[in-house]
Amino acid sequence: MNTLSRTVFVPLVIFLVMMFFKVDRSVINMTTVTIGITVAAISTIFANQYKVAEQEMASTLFLSNIISIFSTGLIIVFLKI
């Protein structure tokens, strides 16, 4: 669920908030796509280093990469970039 929220729901919320505040469209586009990019590998590195939630972080990174292939494409199509 955290992967789905990170790659789909968070960009949607950011998009809606920025539209509400009438932010420039190019800034909305760049921010929404950037927010939708996969979870950084650094979280997995820290999890392994400190021996905390290693399996969950590895799974999150893997699923985030898979989901991001589709979600980033959909965001780009939706925003007409």
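This is a predicted model: local features need pLDDT of at least 70, side-chain atom pairs count only at pLDDT 80 or more; totals for chains, interfaces and linings use all residues.
I take buried to mean under 20% relative accessible area, exposed over 50%, and partly exposed in between (1.4 Å probe, protein chains only). Residues are numbered from 1 along each chain as its sequence is written, and side-chain values use heavy atoms, without hydrogens and water.

**Entry 1: the core.** I looked up the largest nonpolar core and found 6 residues: F15, M18, I28, V33, I75 and L79. Such a core is a set of buried Ala, Val, Leu, Ile, Met, Phe, Trp, Tyr and Cys residues joined through side-chain atoms within 4.5 Å. At least two of its residues come from each of helix 1 (2-20), helix 2 (25-35) and helix 4 (54-79); helices are DSSP runs of H or I, at least four residues, numbered from the N terminus.

**Entry 2: aromatic pairs.** I found 3 aromatic pairs, which are rings of Phe, Tyr and Trp (its six-membered ring) with centres within 6.5 Å; planes under 30 degrees apart count as stacked, over 60 as edge-to-face and the rest as tilted. One of them, F15 with F78, is edge-to-face, at 5.4 Å centre to centre and 75° between the planes. F15 lies in helix 1 and F78 in helix 4, so this pair ties together parts 63 residues apart in sequence. I note that F15 is buried at 9% relative accessible area, whereas F78 is exposed at 52%.

F46 and Y50 form a tilted pair, with 6.4 Å centre to centre and 40° between the planes. Both lie in helix 3 (residues 42-50), 4 residues apart.
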